[in-house]
Each structure stands twice: as structure tokens, then as C-alpha cells.
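Dear colleague,

Please find below the structure that I promised to hand over to you.

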Amino acid sequence: MPTTLTLKNIPDSVYERLKLSAEIHRRSLNSEAIVCLESVLLPTRIMPDERLARARELRAALSQGKFHARDIDAAKREGRP
């Protein structure tokens with residue numbers, strides 16, 4: 001049976017991110033909070049070969065030669081102090 005949980009003193013920044021995420025996924029705040037909690041507390045186990053296969057699929061879908069290491073490094077540093 002589902003249980004009710006009330007959260008207090010949620011930082012404004014966390015609330016805003018949750019609200020935005022709920023809007024993007026077209027969910028209520030409550031549903032989005034549950035999805036977030038489930039993804040952290042009940043992660044699905046993915047076998048290494050499945051993870052590698054998925055990575056290879058994603059890599060194959062990328063345009064060849066479009067990404068350069070310097071561009072990736074710059075993107076990673078963006079917004080860092």
C-alpha cells in the first residue's frame with residue numbers, strides 16, 4: 001500500500017529543478033519526485049555487455065568527424081569556476 005510523505009524545507013533551487021523536470025516530462029510534481037527517488041534508490045542493474053552494446057549504438061548514431069576532443073573539453077569546462 002502506498003505511503004504518503006511530506007517534505008519540508010526543500011531548497012528553492014531543488015524545488016525549481018524538480019518543477020522544471022516535471023514540466024519537461026509532463027508529470028505532476030508528486031510523480032516527478034517519485035520517479036527521481038526510484039531512479040536513485042531502486043536503480044536497475046544493467047549487465048556490462050548490455051551497457052557496451054548501448055554505447056556502441058549511440059556512438060554509431062553520431063555524425064562521424066563532427067566532434068573534436070578540444071570541443072568536448074571546452075564543453076566540460078563551461079560554467080566551471
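Helices (H or I, at least four residues) and strands (E, at least two) are taken as DSSP runs and numbered from the N terminus, and Val 40 lies in one of them, helix α2. This is a predicted model, in which local features need pLDDT of at least 70 and side-chain atom pairs count only at pLDDT 80 or more, while totals for chains, interfaces and linings use all residues. Residues are numbered from 1 along each chain as its sequence is written, and side-chain values use heavy atoms, with hydrogens and water left out.

As for confidence, pLDDT is the predictor's confidence in each residue, from 0 to 100; its mean for the protein is 89, and 98% of the residues reach 70 or more. Among the elements, α1 has the highest mean pLDDT (96), whereas helix α4 (residues 69–77) has the lowest (86).

Val 40 counts as exposed because its relative accessible area is 62%, where exposed means over 50%, buried under 20% and partly exposed in between (1.4 Å probe, protein chains only).

Val 40 also belongs to a nonpolar patch on the surface, whose members, including Leu 37 and Leu 41, have about 970 Å² of accessible area together. The areas come from the Shrake-Rupley method with a 1.4 Å probe, and for residues only the protein chains shown count as cover. Helix α2 gives the most to this patch, with four residues.

Best wishes

Notes
Patch = residues over 30% accessible without salt bridge, like charges linked within 9 Å, V, L, I, M, F, W, Y side chains within 5 Å. Salt bridge = Lys/Arg side-chain N within 4 Å of Asp/Glu carboxyl O.
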